[in-house]
Amino acid sequence: RSVKTLVQYAGLEQTSESAEPLHLAIGMFDGLHLGHHAVIDTALQSAHESGGKAAVLTFWPHPSALFRSQDPTPLIMAPETKAHILGSWGIDALITQEFTPEFAAITAEDFLPTLKRHLPNLTAIYVGENWRFGRGRRGDVAKLVSEAKKCGLTVLSIPRVNLDGEAISSTRVRRLLREGEIEQVNALLGYTYFSEGSVESGKGLGSKIGFPTLNINWAPDLQPRLGVYAVKVGRLGSTERIPAVANFGLRPTVEDATAPRLEAHVLGVCSFGAGDELTVEWQSFLRAEMKFADVDALQSQIAQDREQAKTWFGLA
């Protein structure tokens with residue numbers, strides 16, 4: 001991904017004035033799926049045509065952390081991953097507004113004047129057709145349009161994008177990730193789901209049984225289904241990717257861990273080691289994690305997993 005230099009602001013209070021007309025896409029945009037891309041791309045195209053700037057206003061944490069603190073919605077991606085992808089899409093600026101009780105209390109009527117006060121050159125707003133805003137989520141797109149007229153702003157609401165007869169949504173992506181339906185997830189995202197993390201030194205068990213693994217430091221808010229996956233691995237910032245087989249799990253045969261770990265075994269020559277920053281692109285779910293009678297049984301299964309992954313990549 002060639003990443004544009006993205007100007008980032010920690011909230012509306014931190015933004016600086018820009019001379020160009022500002023085209024602003026607003027939403028949680030968790031996962032940055034094809035539906036989100038349709039909204040953001042419309043803002044990008046309009047900004048490009050008018051000689052303006054395209055920006056995204058998003059929120060952190062998820063509003064559910066405020067309203068359902070006992071059971072907040074787990075996020076598909078970390079804020080830094082979101083910024084990375086938006087930069088690759090060509091967005092000029094990202095405003096990450098902290099979702100505080102004070103921000104949540106802004107009424108639907110006061111929402112646009114608040115934006116306009118912080119963003120004087122705001123020209124147009126882009127949202128999904130089902131977007132809600134303002135205290136108690138009372139504002140809908142019709143309300144946004146009527147309020148925008150008072151401020152001299154344009155509003156474009158983008159229809160939901162469907163795949164296989166069902167709307168693409170972050171909720172749908174979360175469900176499929178939990179089910180291990182990674183190929184469907186990738187179809188909804190429009191790119192390959194990926195993890196980023198540094199390689200840490202492990203206990204060396206993989207090497208002892210003939211399958212050395214890279215232990216990747218990655219702790220997502222939303223955990224994909226535990227199990228074995230066909231993946232591609234590469235250095236952060238590089239486009240080169242190498243086929244591998246990965247396990248995301250608790251390793252019940254050798255230890256009963258409390259938090260899942262991502263381990264990847266490269267199918268071929270491995271040039272990565274401790275300290276390297278890697279990207280892991282998830283391609284296909286091979287099997288669920290299971291507990292084996294002993295290490296020999298585990299070793300036998302890993303050999304099968306490796307062959308299955310090679311077959312999937314056409315390397316067998």
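Is glutamate 166 buried, exposed or partly exposed, and what is its relative accessibility? In this predicted model, glutamate 166 has a relative accessibility of 35% and therefore counts as partly exposed, since that value lies between the 20% and 50% limits. Its salt-bridge partner is arginine 175, and the closest N and O atoms of the two residues are 3.4 Å apart. Arginine 175 is likewise partly exposed, with a relative accessible area of 36%.

Side chains of opposite charge can pair when their charged atoms come close. Twelve salt bridges are counted in the model. One of them joins glutamate 109 to lysine 143, with an N to O distance of 2.7 Å. Glutamate 109 is partly exposed because its relative accessibility is 38%, and lysine 143 falls in the partly exposed class because its relative accessibility is 23%. The pair also takes part in a network of salt bridges in which Glu109, Lys143, Glu147 and Lys150 are linked.

A further salt bridge is formed by the side chains of aspartate 305 and arginine 287, at 2.7 Å from N to O. Here, too, distant parts of the chain are linked: aspartate 305 lies in helix α10 (residues 295-312), arginine 287 lies in strand β14 (residues 277-288), and 18 residues separate them. Both aspartate 305 and arginine 287 are buried, whereas glutamate 166 is partly exposed, as is arginine 175.

Rolling a probe the size of a water molecule over the atoms shows where empty space is left. The volume of the largest cavity is about 60 Å³. Its lining consists of Met28, Asp30, Thr58, Phe59, Trp60, Leu75, Met77, Ala78, Pro79, Lys82 and Thr96. Two elements, β3 (53-60) and α3 (79-89), each give two or more residues to this lining. Strand β3 provides the largest share, with three residues. By residue class, the lining of the largest cavity comprises seven nonpolar, two polar and two charged residues. Asp30 and Lys82 are among the lining residues and count as charged, while Thr58 and Thr96, also in the lining, count as polar.

Definitions and conventions: Residues numbered from 1 in each chain as written. Predicted model: local features only at pLDDT ≥ 70, side-chain atom pairs only at ≥ 80, totals over all residues. Heavy atoms only, no water. Salt bridge = Lys/Arg side-chain N within 4 Å of Asp/Glu carboxyl O. Buried < 20%, exposed > 50% of the residue type's maximum accessible area, 1.4 Å probe, protein only. Helix = DSSP H or I, 4+ residues; strand = E, 2+ residues; numbered from the N terminus. 1 Å grid on protein atoms, 1.4 Å probe; cavity = no way out; pocket = protein on both sides within 12 Å on 5 of 7 lines; lining within 4 Å. Points joined across faces, edges and corners; volume = space filled by probe spheres on them.
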